[in-house]
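Let's walk through this model together, starting with its aromatic rings and moving on to the sheet and a helix.

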Amino acid sequence: MTALFTILVLVFILIAIWQMVKIFDLAQVGQEENNQIATDKDNSMNAYLMVGFLIFIYAITIVCIVKWGDLPLLSNSASAHGPDIDNLMIISLVLIFIVQTITQFLLHYFAFKYKGEKGKKALFFADNNMLEAIWTIIPVITLAGLIIYGLFTWTSIMNVNEDDDPIVIELYAQQFNWKARYGGNDNTLGKANVRLIDIDRANILGLDESDPNAQDDIITSELHLPVGKPVLFKMRSQDVLHSAYMPHFRAQMNCVPGMITQFGFTPTITTAEMRQNPDMAKKVKRINEIRTENSKELVAKGESALDPYEFDYLLLCNKICGKSHYNMQMKIIVESQEDYDAWLKEQKIFKNSLVN
């Protein structure tokens with residue numbers, strides 16, 4: 001409430017200043033002849049200000065890249081298709097940066113070179129077919145190349161080869177948590193419908209209890225994946241639109257109520273290996289340094305210190321789905337096939353989890 005009041009006060013102050021400036025301008029009308037016409041001095045000052053602003057934006061860009069830029073631009077992808085996504089993003093970012101740098105330079109340079117001067121007249125072109133062709137054809141070719149490359153990349157990711165025998169896992173979204181459902185020994189998910197949800201019998205995902213394929217399904221609140229094994233995710237939502245987002249796997253797909261969406265990838269780096277990655281270790285260290293500093297204030301207030309941060313892959317919701325959207329996440333553990341099989345054997349199958 002205090003923040004809202006402060007914002008309102010600032011807005012009213014800005015409106016008052018704006019009105020005072022308008023009154024001042026009206027009071028000056030007629031006092032000086034041609035007071036609204038820019039002089040050569042005004043034009044020269046504005047031209048130099050444009051050059052100064054150009055230098056400023058280049059300088060601040062360089063400072064931000066050096067001080068806060070995470071170079072290389074994108075790294076630490078942990079899926080087989082991750083490098084392809086990263087390459088597409090890097091190409092797009094580099095092209096945008098080059099075009100922005102050149103166009104901003106030309107904009108400010110021309111503003112300086114062709115500043116208004118007494119006696120100078122602008123040369124007017126009604127049209128220039130060559131220039132129009134150049135600035136039309138070049139963007140068309142560039143965008144067409146990016147779009148075609150993107151379509152081929154997307155197609156290669158989305159066309160999951162069933163011959164690779166991927167592990168089929170359902171990601172079930174609801175306000176505000178995730179559940180994972182494994183297909184069991186037959187690797188086939190049983191039928192399910194939100195209308196079949198029966199909390200009293202612990203049928204929390206609405207599985208069809210009469211479906212033989214559902215009997216050995218396994219429901220968990222933690223997602224385990226074997227490294228190097230293709231995974232095909234089937235996604236459902238119980239209530240509103242969610243989005244299953246796994247940033248390190250460069251994977252994202254909407255979870256839409258009333259329909260099943262899917263996304264597949266192959267994890268390539270285990271959780272333990274990613275924790276040992278130098279870039280990741282550096283980030284974790286920086287996070288824990290911040291937590292240590294914040295903990296000093298908490299301890300001084302008599303509160304508990306923050307726990308040290310340890311890296312984990314996460315499944316996040318990337319749609320604002322309600323008041324606790326920020327807390328909608330599930331840990332993902334990528335491990336060896338042996339560890340995955342051992343973990344899976346410890347889980348209770350659906351028919352043994354029901355309450356009679």
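In this predicted model, the aromatic pairs number 13. One of them joins Y182 and W343 edge-to-face, with 5.5 Å centre to centre and 65° between the planes. Y182 belongs to strand β2 and W343 to helix α7, so this pair ties together parts that are 161 residues apart in sequence. Are these two residues buried or exposed? Both Y182 and W343 are buried.

Elsewhere, ring pairs connect F233, F249, F265, F311 and Y313 into a cluster. F112 has a charged neighbour over its face: K115, at 4.6 Å from the ring centre.

Back to Y182, which stands opposite I218 in β3. The strands β2 and β3 pair in the antiparallel sense over three bridges. Both are part of an open sheet of five strands with mixed pairing, in the order β3-β2-β1-β5-β8. Its edge strands, β3 and β8, each pair on one side only, and the twist averages 25° from one strand to the next. Helix α7 lies across β1, β2 and β3, running at about 100° to β2.

Here are some of the elements with their residue ranges:

| Element | Residues |
|---|---|
| Strand β2 | residues 177-182 |
| Helix α7 | residues 337-346 |
| Strand β3 | residues 218-220 |
| Strand β8 | residues 261-265 |

Finally, helix α3 (residues 82-113) has 32 residues and spans 46 Å from its first C-alpha to its last, close to the 46 Å expected at 1.5 Å a residue. Its buried residues are G82, D86, L88 and H108, and what covers them includes α2 and α4.

Key
Residues are numbered from 1 along each chain as its sequence is written. This is a predicted model: local features need pLDDT of at least 70, side-chain atom pairs count only at pLDDT 80 or more; totals for chains, interfaces and linings use all residues. Side-chain values use heavy atoms; hydrogens and water are left out. Helices (H or I, at least four residues) and strands (E, at least two) are DSSP runs, numbered from the N terminus. The expected span of a helix is 1.5 Å times one less than its number of residues. Buried means under 20% relative accessible area, exposed over 50%, partly exposed in between (1.4 Å probe, protein chains only). Contact means heavy atoms within 4.5 Å. Rings of Phe, Tyr and Trp (its six-membered ring) pair if their centres lie within 6.5 Å; planes under 30 degrees apart count as stacked, over 60 as edge-to-face and the rest as tilted. A charge sits over a ring if NZ of Lys or CZ of Arg is within 6 Å of the ring centre and within 35 degrees of the ring normal. Two strands pair if DSSP finds at least two bridges between them. Axes are lines fitted to C-alpha atoms, for helices over the stretch in contact, and angles run from 0 to 180 degrees between N-to-C directions.
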